[in-house]
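Subject: Structure for your review

Dear colleague,

Please find below the structure that I am handing over to you. My findings follow it, and I would be grateful if you could read them alongside the coordinates.

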Amino acid sequence: MQIFALTFVVLSLVSTSFAKECPKIVTQKVFDVTKYVGLWYEAYRSDIIFEVGSRCVNATYSPNPDGSVAVWNQAVNLLDEYTSIRGTARVKNASEPAAFVVTFDNPIQKGDYNVLTTNYDDYALVYACRTVPILDVKLEFIWFLSRKKTMSPGTVNELKKILSDMGADVNSITQTEQNC
Ligand SMILES: *[C@@H]1O[C@H](CO)[C@@H](O)[C@H](O)[C@H]1NC(C)=O
Ligand SMILES: *[C@@H]1O[C@H](CO)[C@@H](O)[C@H](O)[C@H]1NC(C)=O
C-alpha cells in the first residue's frame, strides 16, 4: 500500500509487453468516504518492488477534521519485522471524490490512489499508474482490498475483469499472504 518514489530497480520488474500508456480510468462516481474508512486487508496486489515479500498487509483509514483521510499502513516485511507507515490522503478535485493523492512523510513519498470500485462492506479496487517517458514503460499499482483477510474467487475475477477491460495488465496480480 505504500507508493514509493520510482527507482530504476522497479523498472526491471515491469512487464513491457503491454501498452505503454496508462489506461483511461474512471473512479467510482458516487463515493462516500465515511463508509470507506476503517480497516482493509490487502488481499491481492500487483508486483511492486517495495512490497516484495511483505505479508499481513493492512490499511486503516480514518477521517481527519479537515476532510482529508489519515492513512496507517501496517505489514510484516521480508525480514519478518513489523513495519508501519502513516500518511494522508486528499481528494484531488471535488468533482472526483474517489481520486486521491496519498503523501507519506517518512520516507517522503507521494502517489495517486484511485478507488475504481468499492461496495464499502466487502471489497475495494484501488489503482494507480505512472508512465516513465524516457524508458517508455508504464508502472501499474493495483490493490484488491478486502474487509476480511480473504476475498472470494468471484470477486477476484470481477475485479480482474474490470482491470483488463480498462486495459490494465492483470498478469502480475498475486495474493497477499495474510497468515499472521
Ligand atoms: C494489521 O497488520 C499488522 C502487521 O501485519 C498486524 O500486526 C495487525 O494485527 C493487523 N491488524 C489487524 C486488525 O488484523
Ligand atoms: C476539477 O474538475 C472539473 C470538472 O471535471 C474541472 O472543470 C476543473 O478544472 C478541475 N479543477 C482542477 C483544479 O483540476
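What is the mean pLDDT of the protein, and what percentage of its residues reach 70 or more? The model is a predicted one; its mean pLDDT is 89, and 88% of the residues reach 70 or more. Confidence is lowest in helix H1, residues 8-13, where the mean is 44. At the other end of the scale stands helix H2, residues 33-36, which has the highest value, 98. Residues 4-13 have a pLDDT below 50, and this stretch has 12 contacts in the model beyond near neighbours in sequence. Where pLDDT is low, the predicted coordinates should not be read in detail.

I turn next to the ligand. Ligand 1 is surrounded by Leu39, Cys56, Asn58, Gln74, Ala75, Val76, Tyr82 and Cys180. Two elements give two or more residues each to this shell, namely strand S2 (55-63) and strand S3 (69-76). The largest share, 3 residues, comes from S3.

A separate matter is the annotation. An unreviewed UniProt entry lists Gln109 under "binding site". In the model, glutamine 109 is located in strand S6, which spans residues 108-118.

Strand S5 (residues 99-105) pairs with S6 in the antiparallel sense, over 7 bridges. Within that pairing, aspartate 105 has isoleucine 108 of S6 as its bridge partner, and the two strands are joined by a hairpin through 2 residues.

S6 is also joined to strand S7 (residues 123-132) by 4 bridges, and these two strands likewise run antiparallel. Valine 115 stands opposite valine 126 in S7. S6 and S7 form a hairpin with 4 residues between them. In that turn, tyrosine 120 has a positive phi of about 70 degrees.

Yours sincerely

Key:
Residues numbered from 1 in each chain as written. Chains lettered and ligands numbered in written order. Predicted model: local features only at pLDDT ≥ 70, side-chain atom pairs only at ≥ 80, totals over all residues. Near = placed C-beta within 6 Å. pLDDT = per-residue confidence, 0-100. Contact = placed C-beta atoms within 7 Å. UniProt positions renumbered as here; feature names shortened; annotations may be inferred. Pairing = 2+ DSSP bridges.
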